[in-house]
Every structure is written in C-alpha cells, then in structure tokens.
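Q: Could you take me through one part of this structure at close range, the packing of a pair of helices, and then show me what else is worth a look around it?

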Amino acid sequence: MSTATLDGLTLEEQCEAIWAATEAEELRLRRMQQTPPGLFIFDGNQHLHHLLLDCISVHVEDPENDTGQIELELPFSHPVAQWMHDDRGRMARGEGELFHIDVEHNGVRVTGRYESKKVKKDAKGQRTLHVVFLTDYENLKWVDLWSNPFLPAIFQFPRIFLLAGPAIWALKTSLFLNLLRIYSSLWQIPDDPMNPISWLDGLDMSNWDIVIKPTSFLEDVAAGTTWCLVMSRWQKWHDVAEMIMKDAELSVVTRRYRHGDPEPWPGADIKDGALVIDIVDKSGQMEGAANGGTWFDGLTRTVREIGADFIEDTLDELTGQPSWLASQLADMFHTPKGYPLVHFPADSGIETEFTTTPAKGVIINCGGQSAPGVNETISAGVQTIGDLVTSNLNINGYGIGAQGGAIDAVLKPFYTDTVAAWMSTKLVNRIAQSGSSHYLEYHLDLPGKAYTLSSVMAIRSGIVATDRKKNGTVTFDAAGPYVVGWPGSGHVYKGDRGSFEVTGDLTGETHVQRVMKATFDWSAKDFALWELEFGRKEDEDPIARLMKEINNMAKAASELGVW
C-alpha cells in the first residue's frame, strides 16, 4: 500500500486500511497455495490434446541439474487414461507413441515425457492408470559431444573436443554446436530424406525441438562466471557438464515454450513446444552471497575467490549491508541470490531435517604421466648425447656409428614418467580449519598427464567432492508462510537461496543453502504440498561419484595424448 493512499486519513483509519490490505494479501497468498495444479497433456508432436481437470494424485520431483519424475494417477475409465493407454491408436492417428505433460503451479512449469505406465486393480476391483514421466532435463542426457561436431563420424579430427571460457558460455556453446550437428543434417540423413526441404531444415532454429537461450562470451565474462574447460571425446553433455556446474554453482533451466508465453529472448523465433535451455547463476557465490549467521549478528556475506594457486577456494567476509536490499523488498515475489528473503525460523512449527558431513583430506595427489614434452625432451637429449659419443667410437678399426636410438630404447623404461609426473596440492585453508588430527591424503586415480588443465580440473573436482556439506529438508503445506513458485509468482523455487534454523540449536546459527530439489504433491483429498531440499544430498558416496566423473574425464584426456 503506497503512502499516497493513506494521505488524508486519521491514524485509526490508516491502521484499519493497513490491516485490511494485510488480510487481503494473506487471502491472496492462501488462494495461490491452495490452487490445484494445471495439468496439460500433449502428444508426441507437442500438440495439446487434453486439459486434465480431475485426477487422483500428482507427484513431481524436480531436482537441480538432473532428471526428475512426474507421477500421475487417474481412474482407468477416464477418457484421458484411455487415450494414454491406446498406443496403437495414437500412432495410427499420427500423434506418436510418446506423449508429454506440463504441470503448472504458481508459475512453475515442470514438463516431462512419458516413460512408463501401469494399470492397477485394487482389492475393491477399481482400476487406475499410473503414468511415470521423466522431466525434460533427461533430453540433455541424450546428446553426445563429438570430438568435432563439424565433421562426419567417419573422420573426427582433432581427437578430443576442447573449449575453454566462462562456464555458462562454454557449456551452452558446446551443447549448441552438437544440436546444430543433429538438426542441420549436414553429415546425417534427415528424419524425412524424401523431402528435399528437410535437408536444410536444421539451418533454421525455428524447427528445433531443443533450443539454447543465447549468452555471448563478453556477457559471461562481464558477469564474472567461473571459467572452465569443456573436454569430451563422444561423452554425454550431462556427464561433462555435471562437475563444472557443481563447481560454479550453476543451474540449468529447462522450460517448454508454449504459445502465449513471453519471448524467451528478444526476437526469438522458435516453435510452439520447443524446449528452451538456459544456464543461470542463482547462487551469487562469486558476488558476495549470504552463507549463514545468527539472529544476533545478522547474515554474514562472503565472496568466494580462487586462491593464489588457482586451485583452492577462499571465502572472504564482506562488511556492511548490501545497498540494494531495500529495493529488493519492494518486489515480494522474488528471491535475491545474494541475500535471501525466505527464512524458516526454528519456532515456526515447520518440519525440518538438517545433515552435515565434514571435509575429508588435506592433500590431493594425482598424476601418473609426465607433463607434455617432458618425456620427449629427455628422449631427445639421450639420443643426441648418445649419437655424439658413439659416432666417434671404433672397435677393431670399425666405427659403430650413431647408437643414440638404441641407448634411448634401453633407458626409456627408467626415465619415462619420472619427471613432472605427479602433483600434490596441500589445502592450507582446510588444514587450518580441521584441527591437528585429520585425514591426510586423498589420491585421485587419474591416468593422465600432470601439470595440465585436465589435472587442475581433476584436483578441483576432488576438492568439491571431499569438502564439507550441509543440507536440510523443509516441508510445509498450503498453510506455510511462503509461496513456492516461479519468479514473479512465488517467493522461492529450485536453485534459489533460502535460510533456516535448526530447532533446539543453542548457537542460534542460521544456515543459508540453495534449494537443490523441489517436490510437489497434490491429491483430490489434500491441498498442494511442497517439500524443498536445501543443499546437495548425495545419493551415493561422493568419492565413488567423483571417481566415475574423473574416470570419464581421464579417458578423454588420455585419448588426446598430450593433456
């Protein structure tokens, strides 16, 4: 309510007006929280077929930078259930075997493709159809990064794809080049070879099913995004990007464009139903984001910087309040990435769960092969000296000739991969924080060359995997204080920062974490229930997961031969 609205009113009238405005706003929020989700069913061509107004239940899991699931249950006698079950009919009518779903709630649009369906019969004889959809992030796990996307598969030079730059630009560019390869049909037969126009379709992005929201190199440099090296030899884009995005704390946004939506970017020419891929920085970890604090001293802001060794991270505390906080408060449905406004206090009565794991290991070791050029330089030196010495030797009057190559062949097993073949990085900040008794060394089984970009990336991956972790789960229903929704329609969603306290914690510490997973449940008997998971919860041992990622990177690096 603006101050102009209150001018001319008595103090009592002003209080009543503010109270009425507050009640009206609370009623509006309650209606938003209790509104059932919108369910839209599309065929295999992304054409809308059904608006599903009644179902038994909907369950949505939307994790950060990974594939989630949408589970839908409805009576088997329902017309939409019969349409979904009729695979032959859909294919005969040209609608396609696959079908898709959009779940919309408070601006959030989670879209997915049919994965499986099951017809169940309960003890009462009632039949229901259970359909499982995979969220559209799954599409990114089905795109390979070729060594050279501009050449046919029969001839791939160079042997490995390398692209260095700010992470958002590098990841988007590598994905775009391979989508261009797929959709352009430059070296592949198009989906409809008998249609001459289809051979040029890929050059027009308006026909693509997956498009990339553009970010220029200079824009990403100006944004201060962490730099990375995208390296692949026919690996999945998701596998290559996963550790890069985790290190830079980036979020992939997948959103189907539907007719009537605002343009994904000015002048965008894309088809209805196209999947728009964007990579955004919601963390603000390089700009001075809040990372904790207490009620007594407020939230502490820190900025993450790369240490002098270009490997270890340091957190530098910032003093003073952010100058833009007041302006952010004017926009209710928004979460600033540097200073979150969504907070769950310990006495709120909201169910919370908080887990911490300490950092492990203070020295990271890796290597096994000498840096590029080391073995070759030693070999050249042995051969040169050997040739000079043996060229002047005579046995019984006969010269034995230059024998540098033979000498080098004998000595090579003794000097190969002995010089500049290993790297050992001591994490000074972690040592200072761990105490005198701690785990010592962690070895990365990296069969690649030391002192290269790939080995530095491996060490940073090891630091991320062995670093301390905090995660918390906050569950609240439609009566909760916040609206989970898209910016402009809700307070917080996946990727945004939020703060919470732990009930009974005498230190009064406030934890600030990003939302790494949003889960939505709705049924005909209950209102919408959102569950937000703060911090990354590892489903498997982080070291085992790291080894898989390092192994994939090492395979590509060893194939190149010099990295």
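A: Happy to! Keep in mind that this is a predicted model. Let's start with helix α5 (residues 167-184) and helix α7 (residues 237-248), which pack at an angle of about 170° with their axes 11 Å apart. Angles over 145 degrees count as roughly antiparallel, so α5 is roughly antiparallel to α7. On the α5 side, the contact is made by Ala-167, Leu-171, Ser-174 and Leu-175. Helix α7 answers with Trp-237, Ala-241, Ile-244, Met-245 and Ala-248. Sorted by class, this contact of α5 with α7 has eight nonpolar residues, one polar residue and no charged ones.

A search of the whole structure turns up four cavities of 30 Å³ or more, and the largest cavity holds about 220 Å³ of space. Its lining counts 22 residues, and the closest to the centre are Asp-62, Val-252, Val-253, Thr-254 and Lys-494. Which elements give two or more residues to this lining? They are β3 (57-63), β6 (108-121) and β13 (251-256). Strand β13 provides the largest share, with five residues. As for where the cavity sits, domain 2 (40-135) and domain 3 (137-282) both contribute lining residues, so the largest cavity lies between them.

Most residues other than glycine have a negative phi, and most peptide bonds are trans. Against that background, look at the peptide bond that joins Phe-157 and Pro-158: this bond is cis, with omega about 0°. You will find Pro-158 in the loop between β8 (144-145) and β9 (161-166). The other detail is Gln-46, a residue other than glycine with a positive phi, near 65°. Gln-46 also belongs to a loop, the one between β1 (38-42) and β2 (48-52).

Key: Residues are numbered from 1 along each chain as its sequence is written. This is a predicted model: local features need pLDDT of at least 70, side-chain atom pairs count only at pLDDT 80 or more; totals for chains, interfaces and linings use all residues. Side-chain values use heavy atoms; hydrogens and water are left out. On a 1 Å grid over the protein atoms alone, a cavity is a set of points where a 1.4 Å probe fits but cannot get out, and a pocket is an open set with protein on both sides within 12 Å along at least five of seven lines; lining residues have an atom within 4 Å of a point. Grid points are joined across faces, edges and corners, and a volume is the space filled by probe spheres set on the points. Helices (H or I, at least four residues) and strands (E, at least two) are DSSP runs, numbered from the N terminus. Domain bounds come from an automatic or database domain assignment. Axes are lines fitted to C-alpha atoms, for helices over the stretch in contact, and angles run from 0 to 180 degrees between N-to-C directions. Angles under 35 degrees count as roughly parallel, over 145 as roughly antiparallel, 65 to 115 as roughly perpendicular and the rest as oblique. Contact means heavy atoms within 4.5 Å. Ala, Val, Leu, Ile, Met, Phe, Trp, Tyr, Cys and Pro count as nonpolar, Asp, Glu, Lys and Arg as charged, and the others, Gly among them, as polar.
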